[in-house]
Amino acid sequence: METTNFKRIKHGFFPEIVNREMRISSPQTFSRHFSSSQVIVEKIDLYGKLNGHEGCVNTVEFNFNGDILVSGSDDKHVMLWNWATKTKTLCYASGHLDNIFQARIMPLTDDKRIITSSADGQVRLGEILDNGQVKTGRLGKHQGRVHSLAVEPGSPHIFFSCGEEGLVQHYDLRCGSALKLFHCFSFKETNSPPLNIRLNAIIIDPRNPNYFAIGGSDEYARVYDIRRYQSDGSNVSDEHVNLFCPRHLFHSNHVHITGLAYSKASELLVSYNDELIYLFQENMGLGPSPLSLESETQLRNEEPQVYAGHRNSRTVKGVSFFGPKDEYVMSGSDCGHIFIWRKKGAKLVRVMVGDRRIVNHLEPHPCMPFLATCGFDKDVKLWAPMAGDAPALPENLKKITESNRQNREDQSPATLAPDVIMHVVRLQRRQMFEYVERRYSRPDLESDEEDGDEDYISGLTNDITFSEEYPGENLGDCKIS
């Protein structure tokens, strides 16, 4: 191993160092090449843990500059962290009534605006005030859980949400309310009416923010053009412009999409439940409808790159690119491991234990070979290149991947430890009681017309000091800019 690493350093790093010292290459070029080196990725290991949440952590994200990390949890609290010093800088009650699934810092807002979504169907905004307090209020809601939010790159105002009822909504924070775009439906192959697609993921193409993709309870990743939808919400039809799906999953009824990611080159990464991860180039689209495709066209389409070894079955997992030019693909797994593949060739280069049970979400740093992860544990884990002799791939890798493959292909429920079973039972009971309580004590959550836009003020200390409800404002209707 040492000889192999020395050869990589000699033939990879040394010329780059010489070029940098002779000013042939810029420090930025050296940094990019250094960060994308496989030697560096193979050395990524646990850097630290951020403790503070009292429930499973479901979401982590870096701000635009990469110096602040935001997290959200089953405890319904949002926390901001200085990850370099491993310290919590802010904690506030989100106002959600159930588990937080997504938290995002809006860019170009001095990290003062944080949007969140939850199992309660709400999409909420937290605003950090000048007096050191947080004002929170509801922007919109879905009739089902909201797993994903997508922020328009570089915009301090625009983002999207998608929910399990199949609805996609558009938000402009200058307006303060949601615009319902469309409901996503299954493709009609018989006389039976189409079904709502339960949506799990929504992302925006960074090269062209007019395009966004969604994925949910069928096999197709759908791409839409926001320019096809009117600013007054009058066009509410499900009009996608392209579809992506591996050929062998056409018309499948046993898989669904849990995670999506766009690369800087508009490549689309799709993670399937109890299946694999696929990378699609732009030219691999099926067009607007799979029902009109001819067999010759299907056979002519190039097959996507496939990434295997992990298992994605028990939870709604994300998927991510890694590296300054998206040279790697990474995912969590039901076996508690983090998997990192080379994007080109799909070679596994790093596998490491990331959680005692399941790793759900992995967030790459915007400019450093560094990442944050979360899962069933109540902490956020930080990962960075570390000195040490730990192998990049565990000795029992074959056993891990074979077990994941067998469980996936058998599509049989994995055996759960007693503590995991008790955790799920307690979670289901709690969600049931909270739903009943909301159903009969919070009628304002039942309709947009009766939306009171309730707000909360929270103290901005390391611990919550108080939470006080007060009447909100009527912020008017939202329009697409």
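## Strands and cores in a predicted model

Strand β26 (residues 359-364) is largely enclosed by the rest of the structure, because five of its six residues are buried. Buried means under 20% relative accessible area, exposed means over 50%, and partly exposed lies in between (1.4 Å probe, protein chains only). This is a predicted model, in which local features need pLDDT of at least 70 and side-chain atom pairs count only at pLDDT 80 or more, while totals for chains, interfaces and linings use all residues. Residues are numbered from 1 along each chain as its sequence is written, and side-chain values use heavy atoms, with hydrogens and water left out.

Strand β26 is joined by five bridges to strand β27 (residues 371-375), and the two run antiparallel. Strands pair if DSSP finds at least two bridges between them. One of the bridges links V359 to G375 in β27. Six residues lie between β26 and β27, and the two strands form a hairpin.

The protein has six helices and 30 strands. These are DSSP runs numbered from the N terminus: helices are H or I with at least four residues, and strands are E with at least two. Of the 481 residues, 54% count as buried.

The largest nonpolar core has 24 residues, of which L260, L268, V270 and Y272 touch the most other members. A nonpolar core is a set of buried Ala, Val, Leu, Ile, Met, Phe, Trp, Tyr and Cys residues joined through side-chain atoms within 4.5 Å.

A second, separate core of 17 residues includes A150, C184, I204 and I226. Leaving aside neighbours within four places in sequence, L260 is in contact (heavy atoms within 4.5 Å) with residues including A201, I203, V270 and V319.

H254 sits in the loop between β17 (242-244) and β18 (257-262). H254 is partly exposed, with a relative accessible area of 42%. The side chain of H254 makes a polar contact with the side chain of S252 at 2.9 Å. A polar contact is a pair of N or O atoms within 3.5 Å; within protein, one must be able to donate a hydrogen and the other to accept it, and residues adjacent in sequence count only if both atoms are side-chain atoms. The C-alpha atoms of H254 and E219 are 8.5 Å apart, although these residues are 35 apart along the chain.
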